[in-house]
Amino acid sequence: MDLYIMNCQLLATCSALGYLEGDIYHKEPDCLESVKDLIRYLRHEDETRDIRQQLGAAQILQNDLLPIVAQYPQDKLLFDAVIRLMVNLTQPALLCFGKVPQDPGARHFFLQVVSYLQAYKEAFASEKVFGVLSEKLYDLLQLDWEQRQEEDNLLIERVLLLVRNVLHVPADPEEEKNVDDDASVHDRVLWAMHVSGMDDLLKFLASSPAEQQWGLHVLEIIALMFRDQDPEQLGATGQARPAKERGADVRELELLRQREMAEKKSRAFQRGSRHSRFGGSYVVQGLKSIGDRDVVFHKGLHKLKHYSHDLGKEAQRVPKRRQPAQEAAPRRRSALNVRLFLREFCGDFLDSCYNRLMYLVKDQLLREKAQQHDETYYLWAVAFFMAFNRCRPFRPELVSETLSVRTFHFIEQNLTAYYEAMLLDKKEATSWARRMHLALKAYRELLLTVQEMDRSPDEAVRDSSKIIKNNIFYLMEYRELFLALFRKFDASRQPRSFLCDLVETTHLFLKMLEAFCRDRNNLVVQSKRVRRRKKRPRTGQAGPPAQLPGPQERESLWPSLTEQLTTCAQGTEPLLGGVVPFDAASETPVEEQRAEAMVRIQDSLLGCQAPAALALLRSAREVWPEGDVFGSPEAALEEETELLKQIFFASIPRQAAPEAEELGEEEEEEEEVEEEELASVQVSEKEFNFLDYLKRFASASVVKAYVLLLRSYRQNSAHSNHCVAKMLHRIACDLKMEALLFQLSIFCLFDRLLSDPSAAAYKELVTFAKYILGKFFALAATNKKAYVELLFWKSTATVREMTEGYGSLQEGDGSGARRAPRWTPQEEEELRELYLKYKGLEGEDVASCIVTHLRAPSRTRKQVIKQLVRLGLAESARDFPRERKGPPLVLWTEEQELELQRLFEEFQGTDDILGNIMKHITAKRSRARIVEKLLSLGLVAERKELYKKRKRKPGLPDRSKDRSPWGTAGRENSEEEEESDSEEEEEEAAAAWEEEDTGNQMKGHQQQGSANWATLEQNVQGLARRVRQGGLAGPVLWLQNCLNRAADDREEDGTAQPLPLVPLSEENEDAMEDEGFQKLLRKVGIRAPANEQESFWRIPAKLSAGQLRCLAASIAREEPDGEEGSPGGLGAGAEQRAQALQTLRLARRKRRTVGSPEEETPGPEQLPDSPGSDLERDPPAQSQPDPKRSCVIHSDEDEASEGPVKAPAPMDSDEEGLQPPSRRKRLRIEEED
């Protein structure tokens, strides 16, 4: 579709607006409806913005909309609709397209929309249009807040948005072709705003307390008004030029004149005395061409100086992603009358609006009431108006709102956020760099204002400046900011102007910091350091010696150890108390740490610490009493001494101890990822040293950035060149690191500077270049490798080696002290012998053996491996793999499998098959490994065959087959069994649940489930009764309420999560520590705290709502008469139990009927099938005069005894797997409290 041919419907709509006759516009009767139709068309335009382009090409805004606004401002509906349409038409092209399109076709449409916007802006440069808008806005602001309607607020906002959109349109310098002091389109729009009084309305909106909601709109409009202005030039407008500026202009003219004279002089020298018709050909000796011959030069000798091998070659194309970032458009000076009115506006704004408006804007930014990236206008306002305040008579009270440590912190936070976003968001890195530049300018202006406060004659102002500087220099974040910006500077994303501002801001910060330190004897600052700490052995643990003594040495040591043990027996020397023989933080289970405890006892004896070894032996006996490995509990001192002697002379296998890591840079890079480190930030205070801080800037990344700016020394200002020269002078002279600047690219830059015809204008740079070149040639006289070093950027360590001699780092201190010492020829020979000696050993770590037997004790494993690779004895470090941490995975041999089969057959009939096998097996292995091997050999079919059989109390039936649905939670265990077999119980619980899920679908398992439920209910009843008799009736009632509430929550939410039991009363807290109450919790199925991170018992997620209600009812129900084991208790048959339950139920019905005769007994159709079914629901609650308590009673009697019962409702497909375990009745009985 041709966009220049207007759509017929759109054309008809535009024709219905009206027509312009001379200066008078005649609107049509349906003008309002046509405007609304245009708004509707714009709402449904496509991605090419075809409607917007057609309206722009037809100049609807210039010929129709603006005349309507100017001539019909009294028609409120029409004026409102036209303002809406103009706001839509003038919105920025970036908002229309989202971003600048990369596709050529879409980019053409984008540029076309921008051209139409520029035409709109030129049409708005009319005093008449802005006069109407100002009058309308003034009338609306005159209304009180109570009289102002919602439509009035919308119209105020639309007028402000329209002004914002018009000012936002970019200028077209190619079309305008204006010079300085000439009025551009933007200047004419500003002048129209000034004449119409719009600027006064903006100041009123910024200062009025009743118009706070328009703060961000006003600040955005002001930022766009001063978009092309320089605050320093604006502050000096209308005043006599100071002598400093006139001197700068004179120097600049002199510089240009010198450069022009030098060029004329060089051209005169190039011209010969007479013309030669033949240029001649010359052979340049010593300068080789592409081949082996000398270069043949075919031009005049005066051009030989500019000869290069690159002449005639095509310039290497730089990829787009590596091209330098584009600079912002150069600013031009506005017309004088515009600058004068803007200067007056800035003065009035500072006097009455700045502090209040900046407070409101920052509050909205902190409360996140603004839109995204609106903080950029705040940063611009800080930089612009504080600079304007400095340029005129300085008054710090006018900018007091932004002159605080909080503002420093806010800008620093945004600068850091922009910096991190630029590194992460590669596509929008340029946008983030522009925002970072704004924040840097604001930060620089704050520093300049604080520096100006130091020169104030008012002592209070100077004291405030000292307080601000003290807070800034104290915190580490402000000192490290510039280093981070220099290290990550990217010329392809950040323009040269950003680098220039960064260098000048760093220069100012260092200057202020140096002066602040000079005025004080000592300055204390905050220091943050990230400490990485690794797991260390516990204090008090005797470390093993470097090399174990032989049998003869042990024989000589034993008599002294015997004397120490005798002294302990007499009580002269006390034993250590509270010794723990195992490592609780280790990943190895406690059962498998017996060998490590034996090693610790032997290490204590080898370290001549017999009392510690005896204390460890007794503690280990209490932890591992099985098999009397550490002696019997009734052992006398003589038996313990004999046992310690056997341990002392035994050859116990040891694991290789982890070796210390080196601290050098190479070792840090090779650090294994498997080693977990705990990082923590340690904040401390230290005395500040300015030279130590300055050393942080002595790095190649910082010097590269300064040299990059120095390359454009001709375009730089004199102050920028001074900042660069000052920093390089600090590095070369103050830090004595002039060798850091010995780089070929820097020397090429110095050569260009010294050969510049206008070098006299850069005296500071020329003097510094000569100083660096002189230092280099002085060093090259002693170090012939200095010329090679020119090719590389250098670190501080390389600079030291280059100046003090190669190899000085190994002999000196400082950074070189962290490196490993050199290997001497004797040590290398010893290393070869040890390697050849232990090379053929199988199953041994060669590197560990070499480290153990080296004479030099300071050598580490990594140093040994590296030296072996350097000597050619090994190909790489992979030839020496580390031993795996934790217990080694050893394969089962044939003898070990036969031994396992023999032990299984021997202990097959015992109660604890797995425990007896683990005690008597020769090769100690974990419980899981033995279970897996028994399953793989086919000795057992499933894991539950290896579970430890529980001892039952006399008089109780065999419950080994009656597993509750909650696994081990349904059994009553003793404390010893719970502590020793916790892992077994977890496996048993999982197996029980699997058995329930799969077995409930079979009819035979349903009958078994009925017995399980009956046994569980009776056990819970008995435990609850004993707990009540113990005085814990209140906690039992609290437990019942918790179960009921958990059931209600799970029915409402539909999900189940572990729910902690939190005792809030002192009585409940005491009950949670009672052993009997804890047994009741375990019987109910509540899980104990799994580890030290958990503090409360938890209702597991696997219990359904129906099961929780059954358990709550079992706790609340009184047990029938008769004790456990009596004929009326568990020992009775099913008929006696059913009769007792029926009697109890009839008695309660009779008592309830007497209390409330109107209450109906629930019918059998209300009875659910099973407690685990989803059909189980509580009957709807009826309004009763007295509170009731709900109890549930299960009955195993025949259905026929109760009468006909209706069949249960059909279950859903997903509930078919949850069949009831038995056909039992479940009666709900409500009794009065």
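This is a predicted model: local features need pLDDT of at least 70, side-chain atom pairs count only at pLDDT 80 or more; totals for chains, interfaces and linings use all residues.
Residues are numbered from 1 along each chain as its sequence is written, and side-chain values use heavy atoms, with hydrogens and water left out. Local features need pLDDT of at least 70 and side-chain atom pairs count only at pLDDT 80 or more, whereas totals for chains, interfaces and linings use all residues.

The largest nonpolar core holds 198 residues; such a core is a set of buried Ala, Val, Leu, Ile, Met, Phe, Trp, Tyr and Cys residues joined through side-chain atoms within 4.5 Å. Buried denotes under 20% relative accessible area, exposed over 50%, and partly exposed the range in between (1.4 Å probe, protein chains only). The members touching the most others are Met86, Met193, Phe226, Phe385 and Tyr443. Helix 20 (residues 429-454) provides the largest share of this core, 13 residues. Helices (H or I, at least four residues) and strands (E, at least two) are DSSP runs numbered from the N terminus. A second, separate core comprises 29 residues, including Leu1016, Val1027, Cys1042 and Leu1108.

Beyond its neighbours within four places in sequence, Tyr443 is in contact (heavy atoms within 4.5 Å) with Phe408, Ile411, Ile472, Tyr478, Leu481, Phe482, Thr505 and Phe509. There are 33 aromatic pairs in the structure. Rings of Phe, Tyr and Trp (its six-membered ring) are paired if their centres lie within 6.5 Å, with planes under 30 degrees apart counted as stacked, over 60 as edge-to-face and the rest as tilted. The ring centres of Phe408 and Tyr443 are 5.7 Å apart and their planes stand at 90 degrees, so this pair is edge-to-face. Phe408 belongs to helix 19 (residues 405-424) and Tyr443 to helix 20, so the pair ties together parts 35 residues apart in sequence. Elsewhere, ring pairs link Phe226, Phe345, Phe349, Tyr354, Trp380, Phe384 and Phe385 into a cluster.

A charge is taken to sit over a ring if NZ of Lys or CZ of Arg is within 6 Å of the ring centre and within 35 degrees of the ring normal. Arg435 lies over the face of Trp432, 4.7 Å from the ring centre, and the charged end of Arg49 sits over the ring of Phe97 at 5.7 Å from its centre. Arg49 also forms a salt bridge with Glu45, with the closest N and O atoms 3.8 Å apart, and both of these residues are buried.

Salt bridges, defined by a side-chain nitrogen of Lys or Arg within 4 Å of a carboxyl oxygen of Asp or Glu, number 36. Lys76 and Asp152 form one, the closest N and O atoms being 3.6 Å apart. Lys76 lies in helix 5 (residues 76-89) and Asp152 in helix 9 (residues 150-168), so parts 76 residues apart in sequence are tied together. Lys76 is partly exposed at 48% relative accessibility, whereas Asp152 is buried at 6%. Asp351, Arg392, Arg395 and Glu397 are linked in a network of salt bridges.

Strand 3 (residues 282-288) pairs with strand 4 (residues 294-297) in the antiparallel sense over four bridges, where pairing requires at least two DSSP bridges. Val284 has Val295 in strand 4 as its bridge partner, and a hairpin of five residues joins the two strands.
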